[in-house]
Amino acid sequence: MAVNTNDLMNTIVSLAKRRGFIFQSSEIYGGLNSCWDYGPLGVELKRNVKDAWWRAMVTNRRDIVGLDASILMHPKVWEASGHLTGFSDPMVDCKKCKERFRADHLENLDKCPKPKCGGELTEVRKFNLMFKTFMGPVEDSSATVYMRPETAQGIFVNFLNVQQASRLKPPFGIAQIGKSFRNEITPGNFTYRTREFEQMEMEFFVPPAEDDKWYGYWRDARLQWYKDYGIKPEHLRLRDHEKDELAHYAKACVDVEYLFPFGWSELEGIANRTDYDLKQHEQHSGKGMAFFDDESKQHYYPFVVEPAAGADRATLAFLVDAYDVEGEGKDERVVLRFHPALAPIKVAVLPLVKKDGMPEMGEKIYRDLLDNSIKSFYDQTASIGRRYARQDEAGTPFCVTIDTQSLEDQTVTVRERDSREQYRVASSELVGLIQKKMRESMR
Ligand code: ATP
């Protein structure tokens with residue numbers, strides 16, 4: 001069945017709530033604008049997305065190490081990085097309906113874009129996106145600290161700590177996953193733009209002469225990562241930034257964009273940040289930030305190529321892209337075709353009936369899967385068709401049923417989510433089979 005793209009986002013938002021992927025924050029109090037909570041399925045999905053990123057960026061590589069820096073940093077960090085003066089968006093307010101807009105998102109600055117309003121707009125003003133708070137008991141300006149608006153600065157200020165502790169030399173990278181905060185003027189599109197979100201950033205430090213080579217490398221590698229985890233290639237594109245769009249310190253920047261129901265939008269940016277950040281921190285801290293090359297016996301400032309992704313945006317893209325409606329009428333099924341590595345639940349164990357020893361056998365199989373760290377789910381209620389439908393809608397790649405024959409010959413039926421193919425295997429071989437299928441899906 002064809003799905004109207006205008007309705008698709010609403011359908012996904014309600015599925016996300018009903019099945020426990022994503023809830024509105026503080027819902028019983030009317031919600032808090034732009035804040036969302038991940039439920040039991042959502043937290044698994046997002047965790048799997050972050051794990052997939054960490055595997056690709058850190059675990060499976062010899063040249064990248066991880067970091068977990070604190071969210072609150074010395075206020076001078078934001079002076080050095082340029083966020084205190086430059087991290088702002090232009091905004092306007094409607095004098096009539098009081099709504100606030102990003103001036104650079106409006107075509108016409110003469111009147112309110114809301115069709116029923118059309119009120120007069122204020123002058124364009126700059127609005128700093130950093131959240132401020134106070135450290136300690138005294139709320140004065142000397143105690144002001146900021147919630148980090150990006151994780152990258154925690155990496156730059158630790159560049160030499162990490163380099164010396166790990167004894168890596170450029171080209172090498174430092175990766176970090178963590179929360180960032182931006183007081184966005186116009187958050188929206190579900191979890192796409194929020195004020196509290198999680199980033200997955202990696203700063204790759206390279207000899208200056210190798211910057212173009214590595215920029216090209218990370219462009220390709222990051223686009224491929226989304227494809228490897230199942231996003232349809234026709235829903236992905238790279239968009240190079242125009243010269244006038246580039247941050248003043250960046251030599252080049254490209255966005256990985258995804259075709260969301262609301263249009264092509266950024267998932268991740270890959271930028272050549274040159275040696276700007278290290279030099280800025282050297283200047284503001286008075287501490288040398290250059291790398292000493294043992295071979296040439298010289299100091300130099302590495303250039304930085306940065307792939308900066310959002311964990312929430314990536315999770316949303318994987319959710320939207322997985323959504324599929326198949327068949328019609330009573331044969332219609334909603335299925336989330338997650339890559340097995342991202343699927344919140346890998347296996348559902350379903351005894352055909354609640355008697356004759358089937359639940360006992362099911363329970364044993366379920367225990368065995370959990371003991372092998374395979375996230376599984378046990379369900380013995382409702383008809384088998386209903387139970388398959390529930391699992392399709394949760395994106396579970398494998399269902400295992402236990403029937404009369406299972407009790408006689410110790411075999412179970414495996415049913416695959418996408419093809420609906422069914423086959424019997426010895427119950428003693430089930431864990432091995434699922435592990436093999438999971439491994440194969442990662443290639
Ligand atoms: P945008 O242009 O959409 O505001 P950006 O170019 O400012 O994004 P970056 O500073 O490059 O974003 O941040 C890197 C990544 O962090 C983005 O590609 C996105 O995935 C994520 N991100 C940034 N802002 C938000 C937000 N408000 N909500 C959710 N994710 C975000």
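Helix α10 (residues 358-371) lies across strands β19, β20, β21 (398-402) and β22 (411-416), where helices (H or I, at least four residues) and strands (E, at least two) are DSSP runs numbered from the N terminus. The helix runs at about 165° to β19; axes are lines fitted to C-alpha atoms, for helices over the stretch in contact, and angles run from 0 to 180 degrees between N-to-C directions. Two residues are in contact if their C-beta atoms, placed from the backbone, lie within 7 Å. The model is a predicted one, in which local features need pLDDT of at least 70 and side-chain atom pairs count only at pLDDT 80 or more, while totals for chains, interfaces and linings use all residues. Residues are numbered from 1 along each chain as its sequence is written.

The strands under discussion belong to an open sheet of five, in the order β20-β19-β21-β22-β23, with mixed pairing; two strands pair if DSSP finds at least two bridges between them. Its edge strands, each pairing on one side only, are β20 (376-378) and β23 (422-426). On average, neighbouring strands of this sheet are turned by 25° against each other, direction ignored. Strand β19 (residues 347-351) pairs with β20 in the parallel sense over three bridges, and Val347 has Ser376 of β20 as its bridge partner.

A second open sheet has three strands in the order β5-β4-β6, paired antiparallel. Here β5 (100-102) and β6 (125-128) are the edge strands, and the twist averages 50° from one strand to the next. Strand β4 (residues 88-93) is joined to β5 by three bridges; Met91 has Arg102 of β5 as its bridge partner.

Helix α2 (residues 40-59) and helix α9 (residues 311-322) have axes that come within 9 Å and cross at roughly 110°. The two helices are therefore roughly perpendicular to each other (angles of 65 to 115 degrees; under 35 is roughly parallel, over 145 roughly antiparallel and the rest oblique). The contact is made by Leu45, Lys46, Val49 and Lys50 of α2 and by Ala311, Ala314, Thr315, Phe318 and Leu319 of α9. These residues divide into six nonpolar, one polar and two charged; Ala, Val, Leu, Ile, Met, Phe, Trp, Tyr, Cys and Pro count as nonpolar, Asp, Glu, Lys and Arg as charged, and the others, Gly among them, as polar.

Helix α9 is also one of the elements that give two or more residues to the shell around the ligand. Strand β13 gives the most, with four residues. By class, the shell has four nonpolar, four polar and eight charged residues.
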